[in-house]
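Please go through the side-chain pairings and the strand layout of this protein.

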Amino acid sequence: SSGINAEYGDGRSICVRTCSGTTVKGATSWVDYSTANIGVYTDVSMEGCEFIAPPNVVTTLNGDSHHWMATGGSSTYSVTADGFRVYVYTKSTGASMSIATQKNWSITWIAVGYAC
């Protein structure tokens, strides 16, 4: 049997894949999404995972400082088979992309989806 419904003999799909990664600590490509320093975003690539449809993605925001006051690091946007975006609201920290980079903010993620 082949395709999305292909299964092992016990009912598990042979097409389900788990893939994970992290953006580079201290070198994540953060972008300010407002001139008021209220948030940053980053686009995360999952191209190496070879998903055929948008997977389910779980993320976490990591860093050396200030990230504990930020919100949104676990929310994904615009998820496709090849990647997603994470917006981080930083108004309470006053952080901009330079602070996010200086404090080594990064995104760690795990995705589960179909590969065939």
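Q: In the protein chain, where is confidence lowest, and where is it highest?
A: This is a predicted model, where local features need pLDDT of at least 70, side-chain atom pairs count only at pLDDT 80 or more, and totals for chains, interfaces and linings use all residues. Residues are numbered from 1 along each chain as its sequence is written, and side-chain values use heavy atoms, with hydrogens and water left out. pLDDT is the predictor's confidence in each residue, from 0 to 100; helices (H or I, at least four residues) and strands (E, at least two) are DSSP runs, numbered from the N terminus. Confidence is lowest in helix α1 (residues 97-102), at a mean of 84, and highest in strand β6 (residues 106-114), at 97.

Q: What is the mean pLDDT of the protein chain?
A: Where pLDDT is low, predicted coordinates should not be read in detail. Here 86% of the residues reach 70 or more. The chain mean is 86.

Q: How many salt bridges does the structure hold?
A: The criterion is a side-chain nitrogen of Lys or Arg within 4 Å of a carboxyl oxygen of Asp or Glu. By that criterion, the number of salt bridges is three.

Q: Which residue meets E50 in a salt bridge?
A: The N to O distance is 3.9 Å. E50 lies in the loop between β3 (39-45) and β4 (56-62) and its partner in strand β1 (residues 16-22), so the pair ties together parts 33 residues apart in sequence. E50 is exposed at 53% relative accessibility (exposed is over 50%, buried under 20%, partly exposed in between; 1.4 Å probe, protein chains only). The partner, partly exposed at 29%, is R17.

Q: How many residues apart in sequence are the parts that K25 and D64 tie together?
A: K25 and D64 form a salt bridge, with the closest N and O atoms 3.3 Å apart. K25 lies in the loop between β1 and β2 (31-32), and D64 in the loop between β4 and β5 (83-89), so the parts tied together are 39 residues apart.

Q: What is the N to O distance in the salt bridge of D43 and R85?
A: D43 lies in strand β3 and R85 in strand β5, so the pair ties together parts 42 residues apart in sequence. D43 is partly exposed at 48% relative accessibility, and R85 is partly exposed at 22%. Their N to O distance is 2.6 Å.

Q: Is T28 buried or exposed?
A: T28 lies in the loop between β1 and β2. Its relative accessibility is 6%. T28 therefore counts as buried.

Q: Which side chain makes a polar contact with the side chain of T28?
A: A polar contact is a pair of N or O atoms within 3.5 Å; within protein, one must be able to donate a hydrogen and the other to accept it, and residues adjacent in sequence count only if both atoms are side-chain atoms. The backbone oxygen of V24 lies 2.8 Å from a polar atom of the T28 side chain. The side-chain partner, at 2.7 Å, is T23.

Q: Which residue in β3 stands opposite V31?
A: β2 and β3 pair in the antiparallel sense over two bridges. The residue opposite V31 is Y41.

Key:
Two strands pair if DSSP finds at least two bridges between them.
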